[in-house]
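Reader: I have a structure open and want to learn how to read it. Where do I begin?

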Amino acid sequence: GQTIAVEADRLSVWCGTWNMHAAAAGELQLADWISAGHDVYAIATQEAERSIARSMMFSAKPRWEAALKGLFGITLPCGHEDDEYVMLATQDVGAVHIALVLRRALLPSVSYVRTAAVHAGFIGGLLPNKGGAAIACNIGQDSYLFVSAHLAPHTKASQHRDWQFELIDRELHARLVEPTVCLPCVPRVACHTPGASASAAFDCVFWMGDLNYRVELAKEEAQRLTMPSADDVSRSGFATRADYDHAALQRLLAADQQKRPQSAPMRAGFSEMPISFWPTYKLDRKSGYARYKFQHRNRLKQTLRLPSFTDRVLYRSVESEAILPVTYDACTANALRVSDHRPVSATFLVQVSLPSMEQSVPSPMHSPSVWVGHRRHWLRCPGTVAEISQLLLRPRTNGDGVDGGLEPAAAAASSQEELGRC
């Protein structure tokens, strides 16, 4: 095994999102988007490998995951002890996917890894044409949540996007948080807390994806701002094209639906670094991204698409200084112009409290300890994740011998003898 000694410090975290428009993963130069040298990578994609319609039938992304492993030098399906990075977990739902990659040296401090997926598409959220995929884990004493989401399109669907965002957040709480805090004497269905937020239950949260919030402007103004003619610039009164572009970008951002105080991400307390890049959608591939494509034609009709900042990376933390934002940008590499979206990435320095340790690196699912719940009221259980999971999520039967759901025994007074070592 590999021997390490980790002290409290800041982790370099890379988060990115890209709607790939079913591009073939093996032909992409991913290093142009995913920069080297970070400790943790949360890689969110939408429409990787295949379209939304095909992904509803076949959601796995083996070729995309293989391309990511190739980028990070992960040589075996589960990694090799000499590899610098490991792919800790992946999760997909429909065309939405997220992968969490981190340095192998961090594994002794990683515990309680779990994943979840939420449908948020057609028929009141039953179908997976839209939705969210999430990975949660603890690194040291801090809990982390990484979410990849794809929300509804169209300018008029802003309120529906808000509903989808809140649905995903609420359902992730039910899948990732509530099994560890519900009392065993209460039926599991009753533990589903109305209005509960997964984002509020973790120390650090990174939410990224094609959130699809649009710029609300008249078509003519949007065209003047994003693709101005020489006359447009001269009539504007600005001395230089750079001055015009700066004012145009600020006007576009002022019309962004997501930045409104009533939008779901804002109400949920998320932050975002200042945007200095141009709208990431809808780019005209035939022009080499020199223009935006304002009309979208499908089999039934032609619809208007205004250039918008659909692809975002958001973050929030319990402690205001826990996450230090560093960079936020859209990738302009020619080799990645295969979609009508630009890839977006953000980097952060995240304060982490790691126990000092010297030991061989274990499997990520057999970490030396498990931290359950929020750092301010966690329960530390020395033992493997598998052992603790059996206590936290053991089958419960009712009086008729029928499965009564999952019993989070860590919260039960009757289970204290079993957890006496905690």
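Reader: Let me start with helix 5. Which residues of helix 5 (residues 219–226) are buried?

Author: One caution before that: this is a predicted model. Buried means under 20% relative accessible area. In helix 5, that holds for Ala222, Leu225 and Thr226.

Reader: Where do the buried residues fall, seen down the axis of helix 5?

Author: They fall within an arc of 85 degrees, so they line one face of the helix. Part of their cover comes from helix 7 (241–254).

Reader: Now the strands. How do strands of a sheet pair?

Author: Strands pair through backbone hydrogen bonds, either parallel or antiparallel.

Reader: How many bridges join strand 1 to strand 13?

Author: Nine, and the two strands run antiparallel. Take Cys15: its bridge partner in strand 13 is Ala346.

Reader: What about the nonpolar core? How many residues has the largest one?

Author: The largest nonpolar core has 53 residues. Phe206 is one of those with the most contacts inside it, as are Val13 and Phe348. Leaving aside neighbours within four places in sequence, Phe206 is in contact with residues including Cys15, Tyr144 and Ile323. Another core, of 26 residues, lies apart from the largest one. Among its residues are Ala120 and Leu151.

Key. Residues are numbered from 1 along each chain as its sequence is written. This is a predicted model: local features need pLDDT of at least 70, side-chain atom pairs count only at pLDDT 80 or more; totals for chains, interfaces and linings use all residues. Side-chain values use heavy atoms; hydrogens and water are left out. A nonpolar core is a set of buried Ala, Val, Leu, Ile, Met, Phe, Trp, Tyr and Cys residues joined through side-chain atoms within 4.5 Å. Buried means under 20% relative accessible area, exposed over 50%, partly exposed in between (1.4 Å probe, protein chains only). Contact means heavy atoms within 4.5 Å. Two strands pair if DSSP finds at least two bridges between them. Helices (H or I, at least four residues) and strands (E, at least two) are DSSP runs, numbered from the N terminus. The arc is that of the directions from the helix axis to the C-beta atoms.
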